[in-house]
Amino acid sequence: MTSNCLTIDVGTTNTKITLWCNGIPEIKQFVTPKKTVATQTNFELSYLWDEVIRTISSFDPISLKKVTRIAIASFGESGILLNEKNNPVGQCISWFDDRAQIIVDQITEEKKSRIYQLTGLPVNAHYSALKIAWLLKYDKTITMPLAKYKWLCVPDYLVYRFTGNLATEYTIASRTLCLDIKTGKWSKEVQQLLGISNISFPEIYSAGCNLGHIQGKLGKLFAQECQVIIAGHDHMCGAAGVGLDETELLDSTGTTEAMMTIVEHFDISSEAQKNALANGIYVDDQHYTRFTAMPAAGSTIAWLMNLCRINENKLIELMNEAQKGYDDHSLFNSRVLVMPHFNGSGAPNKMSSSKGIIYGLTSQTTVVELIFGLFLGLTCEFKIAYTTLFNSERYHLIKVIGPAAKDPLWLELKADILQANVISIDTEQAVSEGAYTIATGRHLKKKVRKYVPTVDVHKKRYLKQMLETYKVIYQNKISKNL
Ligand SMILES: Nc1ncnc2c1ncn2[C@@H]1O[C@H](COP(=O)(O)OP(=O)(O)OP(=O)(O)O)[C@@H](O)[C@H]1O
Ligand SMILES: [Mg+2]
């Protein structure tokens, strides 16, 4: 009997569930359940679980019965506390929620440095440990903050619901701020520094390890021997899916945008700490990752589509018009630049309170110029992080995955502004493909499109001016904490 595989990619905006039969995917997706009140957003885990099961149950039962592996990829950082009876307590704070900044502000610089030395991560409100500290201190539904609790990140929670077992995986553990990057074990010292010593974390397994069989009636949907595994942190799964090597940089787009590389050694130098470089353990357990995320990318495109009341087809039409204007130089009068700090700024100057800016508006500004200015701004922001955090000389290729692969203008600007070779991986769901590869060891064929840096001197001159303008605004803004 041929065996099938099921992958689950829990994303910030959408959760994708894919049934793989003979390497052919059937993808279904639903909006990841979230609840926002004022500035605070929670993921709704019990609804997420219900939707996962509802979606899985809508696949062909005969194909499901051949599923021998369920592989979970997910965003990192968010999770839930369990009490001694393993019941969830408190709330599942979304990874991008900044409410734990109040905890970060109370941590001394000395402690922050020590935590960077231990974990390879800059102290930031997004990591699990800060969310835990916030929950224990400020969540009024947690009446016994000193009691013993367990912490599960979102994919660990799904594993627990499927199998009843408590387990996590290295790339997910790498986003908690409690993993000792040198030993690959949980750090008691970090927990003590953050006042969360009463929390226990699950055992850590390698990506792709069997974490258990499915309990109860649900198990009858799948093959008897079906195993549940964690494929890993979504961006790292994407890297595995496109076979990223040490000479390439991954640009993983979604609601946000992340850049990462795979390296032999982690970097916890003072320069790396200053730039907020995030180190982690890679899915193969043998390498480390160097990582940074820009807190807004696809979300700024969603904002623009909402603002202008256009759908994705119209966006693509306007983007093509902008690309034409770029290629024939007719857009070179435009000075519009959108600084995408819609959800705070990213590395090398991470500031959660930072706000976005639109520069260069005139009474003649068109929507096409605005779209062009948004892609320019996203690329300038990327360029600043890329040149500061990654020694760009070392990387001969940038591989782009996620929805940005549908945006030739954005990809062309990336090649031109970064003066780098860029390839977009033309696949519907690179993260799910990576999870499939991790689960089965099988690699899928990919269609790629290549973008090389422009040699057009007029384009180069225009982009140089725009990048300089961007940097002036950026530096002034950051230096004034705006
Ligand atoms: N053509 C496009 N170019 C870039 N982004 C787009 C495009 N169309 C939609 N998006 C954005 O892509 C995002 C959704 O993509 P996706 O489902 O890959 O994200 P996600 O997996 O939920 O997020 P993440 O991986 O950051 O957790 C939305 O923010 C949406 O606005
Ligand atoms: Mg995603």
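Me: What makes the largest nonpolar core a core, and which residues have the most contacts inside it?
Reply: A nonpolar core is a set of buried Ala, Val, Leu, Ile, Met, Phe, Trp, Tyr and Cys residues joined through C-beta atoms within 7 Å. Here that set has 147 residues, and A71, A129, A133 and A231 have the most contacts inside it. Helix α13 (residues 367-389) gives the largest share, 14 residues. This is a predicted model: local features need pLDDT of at least 70, side-chain atom pairs count only at pLDDT 80 or more, and totals for chains, interfaces and linings use all residues. Residues are numbered from 1 along each chain as its sequence is written, while chains are lettered from A and ligands numbered from 1 in the order written.

Me: Why is this core said to lie between domain 1 and domain 2?
Reply: Domain 1 (4-236) and domain 2 (243-420 + 452-479) both give residues to the core, so it lies between them. The bounds come from an automatic or database domain assignment.

Me: What makes a residue part of the shell around ligand 1, and how many are there?
Reply: Its C-beta atom, placed from the backbone, must lie within 6 Å of the ligand. For ligand 1, 19 residues surround it, the closest being G11, T13, G254, G298 and A302.

Me: Why is helix α15 called mostly covered?
Reply: A residue is buried if 20 or more other C-beta atoms lie within 10 Å of its own, exposed if 12 or fewer, and partly exposed in between; C-beta atoms are placed from the backbone. In α15 (residues 430-440), 10 of 11 residues are buried, including Y436 and I438.

Note on methods: Helix = DSSP H or I, 4+ residues; strand = E, 2+ residues; numbered from the N terminus.
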